Amino acid sequence: MNLETSLTIAAKELKVLSRKKSIIYYIVGFPFLLMVGFLLVVKSQIVPAGGIPSDYALGLDSLTYFFVVLAAIVPSSIAAYSIVGEKIEKSLEPLLATPATDGEILLGKSIASFVPTILSIWAAASIFMVITDYLTRSSLSFYYFPNWTSGVMLFLLAPLGAIMSIELAVIASSRVSDVRGANQIGSLMFIPFMGVFLAGAEGIFAFSSNNLLIFSLIILVVDVALFFLSTSTFKREEILTKWK
Amino acid sequence: MIETENLTKKFGDLTAVDNVTLKVNPGEIFGFLGPNGAGKTTTVRMLCCLISKTGGQARIADYEVGNKSDSIKIRKLIGFVSDNVGLYESLTAYENLDYYGKLYKCPEPRRKENIERFLKLLGLWEKKDTAAGAFSKGMKQKLAIARALVHDPEILFMDEPTANLDPESAKTVREFILSLKKEKKTIFLNTHNLDEAQRVCDRIGILNKKLMAIGTPQELEYSVGARKTVIQLVEVNDAILNALNRMSPGKVTRDDSKLTIELANPNKENPAIIRAIVEAGGNVQSVSISASTLEDAYLKLVREKQ
């Protein structure tokens, strides 16, 4: 596999994405809208409720974890658009006729789906944490963020969730012929991540660093399995002859 | 340069390409003529290593089609113009070509030089910074051709490059294809446009799942039957017909005062025939030679198959 080819493909994808306003709004707008909503929750619900630091932890960690849920949703749409969209625009056949291998094409498209979404989520989460620290500093007497839990969530679990979402979108893209279909299958990623969120909010699952590391390990194993599945399901002959 | 032997492609029970054997020489423009669904696109896709073959052999230069390690080498060697332009509409003409040049690992100075050269040749240089989505159909097709050439391939596969183009754009594309011949490029051209095939191609293969015939346009025209001499007389009488019967030049058909004679070589036989008619008292008004056309050959071969 030639990384330079994948980076060329990724650069082109980013250029195309940067010229589609609806996608920019989706990548940037979604996390930032969520961030604003969360800050309102912090200001209107968490800070006035007061309590000891562990009372704050449940609410703040749950909100931070939601950025992980976002990382598992947003990239699948970009990846689905990137692959199925190319088939719809009939640009996939000339691309497949170049010396780029299936693996290089998929990696390039995955990089282009991963990088802008994860950067956007990190940016939104960082602003959330800084403003939350400002809002909670006086009642907590210390800065809640950054901490190990949020570090594991944002720098381990969120990227792994994003990769999982992209891989599922790639698999879905080779089975369906429209962006919406691929997107819907890719969005299934929402279920396990949302399940953990609800379990955390209900106190069944503690958002501790250790628990999140174990969850990350499980996602890593699934990512590796999905990687092999996604490369084996991306068959250029089927794409060219069966996709309508 | 391009060689196939019993090349076959089946999709389940359906045979799309059936035992096609052909050879395309270096620097040659080879036309693949056939009706819709004849297997032209499938053949090109197999040769471009886009889909697998079911049977037979195919070689591009020294590489084996179907051999996984040779596939990448073949794709580096060829350029491909698909039947759909497939451009990135939000990218400019220059960006579209630059992207493909990079994918083919064409070094930057050569890439820039080729982009400028082909955009200028195809009359698109002034529009290099315009998004491809804003181009007309003809301009998009020209850009797709430039894209296939940006890495300067030795072999170019073109699948219906003038389909759906207006006559002027189609003419520009045809002239461009002919200019590539001067650069010694080997071109494999899929078309169902008989006129285009006749004007552009050195040799033509007529495909209808099987390869029905192969040869130069002239060879194919001659293959369907004798050429005809048409003689317009003031009047046709028995003396003239008897004189022609004595000569037994070929099948003679009379239509009022017009005689049509099937001949193997009209240029050689016509003087003696005219002399015999005049000696028999005939007044000749005009003489013309009517040859079978590529269209006759094509229709005959395609109908035979059906």
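Which residue of β2(B) does B:L7 stand opposite? Keep that in mind as you load the model, which is a predicted one.

**Stop 1**

Strand β1 covers residues 2-11 and strand β2 covers residues 14-24; they pair in the antiparallel sense over seven bridges. Now highlight B:L7, and you have the answer to the opening question: its opposite number in β2(B) is B:V20. Next, go to the turn. Two residues lie between the strands of this hairpin, and B:G12 has a positive phi near 65° there.

**Stop 1: an alanine with a positive phi**

Stay in chain B and select B:A61. You will find it in the loop between β4 (55-60) and β5 (63-64). For background, most residues other than glycine have a negative phi.

**Stop 2: the two domains of chain B**

Colour residues 2-215 of chain B one way and residues 226-291 another. These are domain 1 and domain 2. Taken over C-alpha atoms, the centres of the two domains are separated by 47 Å. The next two stops lie in the second of these ranges.

**Stop 3: the four-stranded sheet**

Show chain B as a cartoon and look for an open sheet of four strands, in the order β12-β13-β11-β14, with antiparallel pairing. The edge positions belong to β12 (252-255) and β14 (284-290); each has a single partner strand, so one side of each is left without a neighbour in the sheet. On average, neighbouring strands here are turned by 20° against each other, direction ignored.

Walk through the pairs one at a time:

- Select β11 (residues 227-233) with β13 (residues 258-263) of chain B: six bridges hold this antiparallel pair.
- Within that pair, B:T229 faces B:I261 of β13(B), while B:Q232 has B:K258 as its bridge partner.
- Move on to β12(B) and β13(B), which run antiparallel and are joined by four bridges. Here B:T253 has B:T260 of β13(B) as its bridge partner.
- Finish at the turn of the β12(B) and β13(B) hairpin. Two residues sit between the strands, and B:D256 takes a positive phi near 60°.

**Stop 4: the helices beside the sheet**

The crossing of α9(B) and α10(B) is right-handed. To see what touches, show side chains for B:I240, B:A243, B:L244 and B:M247 on α9(B), then B:A272, B:I273, B:A276, B:I277 and B:E279 on α10(B). Sorted by class, this contact has eight nonpolar residues, no polar ones and one charged residue.

**Stop 5: chain A on its own**

Chain A has eleven helices and zero strands. The C-alpha trace of chain A spans about 65 × 35 × 30 Å along its principal axes.

The peptide bond from A:F145 to A:P146 is cis, with omega near -5°. A:P146 is placed in the loop between α6 (102-140) and α7 (148-173) of chain A. As background again, most peptide bonds are trans.

**Stop 6: where the chains meet**

Show both chains together for the last view. Here 21 residues of chain A are in contact with 24 residues of chain B. On the chain A side, select α1 (3-18), α5 (92-96) and α11 (236-242), each of which supplies at least two residues. The largest share, five residues, comes from α1(A). Colour this side of chain A by residue class and you will see seven nonpolar, five polar and nine charged residues.

Notes: Residues numbered from 1 in each chain as written. Chains lettered and ligands numbered in written order. Predicted model: local features only at pLDDT ≥ 70, side-chain atom pairs only at ≥ 80, totals over all residues. Left-handed = near helix turned anticlockwise from the far one by under 90°. Contact = placed C-beta atoms within 7 Å. Nonpolar A, V, L, I, M, F, W, Y, C, P; charged D, E, K, R; others polar. Domains from an automatic or database assignment. Pairing = 2+ DSSP bridges. Axes fitted to C-alpha atoms, helices over the stretch in contact; angles between N-to-C directions.
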